[in-house]
Amino acid sequence: MTETGQKLLGAIEAGGTKFVLAVGLSPSDITARHTIPTRDPATTLAQAAEWFEGQGNLGALGIASFGPVELDRTSPEWGHITSTPKPGWANCDIAGYFSERLGVPIGFDTDVNAAALAEYKYRPCKNATSLAYVTVGTGIGGGLVIDGQPVHGAAHPEMGHIYPQRHPTDQQFDGICPHHGDCLEGLASGPAIKARWGESLSQLPSDHEAHEIVAAYLAQLCHTLIAISAVELVVLGGGVMKTNRLLELINARVSELGASYFPGQSKHRIVAPSLGDDAGIIGALTLARTA
Ligand code: ZN
């Protein structure tokens with residue numbers, strides 16, 4: 001509770017290596033934040049709860065989680081991390097834990113849907129009707145917001161696992177996705193780049209073929225998103241996207257792939273996150289507000 005009696009919103013960006021925690025009066029007004037490493041569920045969730053208990057009275061908590069997660073409100077598994085290979089975390093009732101321990105309403109979605117929501121609502125020039133947020137890092141995942149609502153359907157999008165057309169000079173690599181081999185994540189995620197060329201994309205020389213190859217794969221996802229949903233804005237974040245000129249290369253490839261065919265082509269834009277690395281935690285606060 002603040003001096004004016006307004007209750008704080010709490011937020012968790014639950015990632016595979018760290019949990020980012022924050023409280024704020026609104027999603028754009030974070031008043032405190034804290035990061036803890038992701039250990040086993042019991043330790044991690046207890047540490048997070050202790051930090052929130054020290055922040056005062058929360059009105060609601062938003063959780064933006066790594067997945068897969070159950071988002072169907074009518075399912076008894078709602079709010080669970082479901083089939084993750086991360087040791088100990090499969091079937092973890094993360095929303096239930098905080099609901100019980102903190103006694104507050106919980107907003108819950110994937111980390112990338114939350115980031116998409118944050119970019120949709122809090123971009124400085126807020127003029128897109130629809131927006132996709134794709135993170136390219138340890139994995140590749142994306143969230144889609146249409147008319148202000150994250151797209152869920154039967155579950156949540158898994159856009160990192162589409163199969164791109166293989167690049168002519170990248171035919172030998174099998175891909176590293178444990179489920180699909182050479183899906184997009186298996187070909188263009190940070191670990192896939194390291195497995196193929198021994199270094200991260202930003203460490204490789206700027207004239208190395210890896211830049212064109214990775215751009216070609218990521219451009220196919222952007223093209224597919226535009227073709228399927230006519231999404232206006234595709235925001236590309238994550239560690240791999242910090243590589244110099246990668247966004248530029250992707251934009252050039254997407255134009256080629258579109259071949260001046262799409263209606264409204266001039267309205268589709270592929271951009272960097274306007275909220276930087278804060279999209280996830282601001283998204284989690286947005287989930288708290290709607291809880
Ligand atoms: Zn895959």
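The domain assignment of the protein, which is an automatic or database assignment, gives domain 1 (8–110 + 280–290) and domain 2 (125–273). The model is predicted, so local features need pLDDT of at least 70 and side-chain atom pairs count only at pLDDT 80 or more, while totals for chains, interfaces and linings use all residues. Residues are numbered from 1 along each chain as its sequence is written, and side-chain values use heavy atoms, with hydrogens and water left out.

Taken over C-alpha atoms, the centres of domain 1 and domain 2 are 27 Å apart. Five residues from domain 1 and five residues from domain 2 take part in the contact, where contact means heavy atoms within 4.5 Å.

About 400 Å² is buried between domain 1 and domain 2, and carbon and sulfur atoms give 57% of this area. Buried area is the accessible area (1.4 Å probe) that two parts lose on being put together, summed over both. On the side of domain 1, Leu71, Asp109 and Thr110 supply 66% of the area buried against domain 2, more than any other three residues.

Across this interface of domain 1 and domain 2, zero salt bridges are found (a side-chain nitrogen of Lys or Arg within 4 Å of a carboxyl oxygen of Asp or Glu).

The whole structure holds six aromatic pairs, that is, rings of Phe, Tyr and Trp (its six-membered ring) with centres within 6.5 Å, counted as stacked with planes under 30 degrees apart, edge-to-face over 60 and tilted for the rest. The ring centres of tryptophan 78 and phenylalanine 108 lie 5.7 Å apart with planes at 70 degrees, so this pair is edge-to-face.
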